[in-house]
Amino acid sequence: MAEREKTRLLVNLPSGVFRCPSLKGVLRRLARLATLRKRSHNTAEEIAKDLAWADAVLMWAWPPLTRELLATCPRLRFAGHINLAQAGARAELEHGLVVSEARHGWSPAVAELALGLTLCGLRKISDYHAAMRAGTEHWVRDFPADIDPQERQLTGRSVGIVGFGGIGRRLAELLEPFHVHLRAYDPYVPKVVAERYGARLVPLMELARTSEVVVLCAANTAETKSLFGRKEIAALPKNALLVNIGRAWLVDMAALTKRLEKGDLFAALDVFEKEPLPLDSPLRRLENAWLTPHRAGAPIESVVRILNWLADDFEAFLGGQPLQHGLTLDMLHCLHG
């Protein structure tokens with residue numbers, strides 16, 4: 001009897017994935033499970049031939065697997081994604097694919113940077129570091145009169161989290177030792193879930209008015225475009241800190257820049273409308289804005305975790321078992337638009 005053909009798996013990811021030493025283990029694991037093709041296609045035209053060959057695919061969200069493209073892939077039964085947008089997810093699910101989506105693998109690292117930026121903004125850590133490097137630091141000599149009153153502790157402050165999914169919930173866990181007064185805004189999260197993490201669900205405007213620190217964690221769906229807009233930015237208390245590790249999509253950036261230029265607000269931003277951030281961006285010259293170059297989910301541990309989650313679900317699919325990170329049509333509101 002002829003040996004049964006192994007499942008054909010297309011791994012379509014940036015070429016650096018295949019050269020990264022930290023990812024060799026998960027790639028070897030996938031090679032044991034299936035016959036592998038490793039590619040780095042960016043367009044539908046490029047991926048079409050390999051996708052038609054495959055029974056399964058592991059990829060990011062691009063190129064999108066449209067209905068037209070899926071119609072040319074008679075063997076395809078499983079798709080595992082690092083991230084996935086709503087339109088692509090709907091097309092795949094309605095085509096009958098089993099879909100795994102592992103975006104929550106970014107959450108631990110993103111929440112850590114949210115905490116780090118919060119502490120940086122309140123305690124001015126990076127400012128002190130830069131001043132020490134330059135030899136321009138200020139040493140307290142007239143204690144306590146010359147202590148900067150805008151340097152503040154996190155412990156006991158009022159904190160608002162906008163978007164209480166995987167990132168928001170992990171951040172709430174990280175904030176627990178600081179005994180903050182935690183509020184959250186998320187229309188899709190039940191009250192009992194927020195309370196489990198020590199948060200009280202409140203309307204967005206109430207959160208803006210009453211929070212000394214606001215952290216934006218929501219997905220960039222059609223509903224969240226400029227979610228934190230001009231009115232919410234104007235409502236923030238004097239010297240509040242706005243942290244954005246979600247997407248620039250969530251914020252009216254013109255209104256935020258204007259309030260920052262006024263000088264009575266602080267911001268710590270990891271995401272921007274245009275990336276890389278233009279060298280002439282006014283944000284670069286504002287001393288009350290701390291900036292990082294979209295690094296929130298960046299540690300290699302995040303990528304290792306995500307690809308292993310996808311490998312777990314692929315192995316479960318092969319064995320006819322439930323997926324840990326499976327996606328269904330009623331979950332699409334959680335995805336990016």
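I began at P144, which lies in the loop between α7 and β6; helices here are DSSP runs of H or I with at least four residues, strands are runs of E with at least two, and both are numbered from the N terminus. The peptide bond joining F143 to this proline is cis, and I read omega as about -5°.

Before going further I noted the conditions: this is a predicted model, in which local features need pLDDT of at least 70 and side-chain atom pairs count only at pLDDT 80 or more, while totals for chains, interfaces and linings use all residues. Residues are numbered from 1 along each chain as its sequence is written, and side-chain values use heavy atoms, with hydrogens and water left out.

**The chain as a whole**

I counted 13 helices and twelve strands in the chain, whose C-alpha atoms fill a box of roughly 90 × 45 × 35 Å along the principal axes. Of the 337 residues, 47% are buried, where buried means under 20% relative accessible area, exposed means over 50% and partly exposed lies in between, with a 1.4 Å probe and protein chains only.

For the surface I used the Shrake-Rupley method with a 1.4 Å probe, in which, for residues, only the protein chains shown count as cover. The accessible surface of the chain comes to about 17,200 Å², and carbon and sulfur atoms hold 55% of that area.

I then looked at contacts, meaning heavy atoms within 4.5 Å. Among those in the chain with a separation of 6 or more, 63% are between residues 24 or more positions apart.

For charges, I took Lys and Arg as positive and Asp and Glu as negative, with His and the chain ends not counted, and placed each charge at NZ of Lys, CZ of Arg, CG of Asp or CD of Glu. The mean positions of the 43 positive and 38 negative charges are 2 Å apart.

**R157**

Back in the loop between α7 (125-134) and β6 (158-162), I looked up R157. Is R157 buried or exposed? With a relative accessible area of 16%, R157 counts as buried.

The side chain of R157 reaches the backbone oxygen of Q153 at 2.9 Å, which I list as a polar contact, that is, a pair of N or O atoms within 3.5 Å, where within protein one must be able to donate a hydrogen and the other to accept it, and residues adjacent in sequence count only if both atoms are side-chain atoms. Leaving aside neighbours within four places in sequence, R157 is in contact with L122, R152, V180, H181 and E212. I also took its C-alpha to C-alpha distance to E301, which is 31 Å for a pair 144 residues apart in sequence.

**Backbone entries elsewhere**

A further cis peptide bond runs from E275 to P276, with omega near 0°, and I found P276 in the loop between β11 (265-269) and β12 (289-291).

H179, although not a glycine, has a positive phi of about 50°; the residue sits in the loop between α8 (166-175) and β7 (181-185) and is exposed, at 59% relative accessible area. Phi of H294 is likewise positive, near 50°, and I placed H294 in the loop between β12 and α13 (300-318), where its relative accessibility of 32% makes it partly exposed.

D264 belongs to the loop between α12 (253-262) and β11, and its relative accessible area of 14% counts as buried.

T224, in the loop between β9 (213-216) and α11 (230-235), is buried at 10% relative accessible area. Its side chain reaches the backbone nitrogen of T221 at 2.9 Å, while beyond four places in sequence T224 is in contact with A218, A219, W249 and L250.

**Cysteines**

Last, I checked for disulfides, defined as pairs of cysteine sulfur atoms within 2.5 Å, and by this rule the count comes to zero. I noted that C20 is buried, at 17% relative accessible area, and that C217 is buried as well, at 10%.
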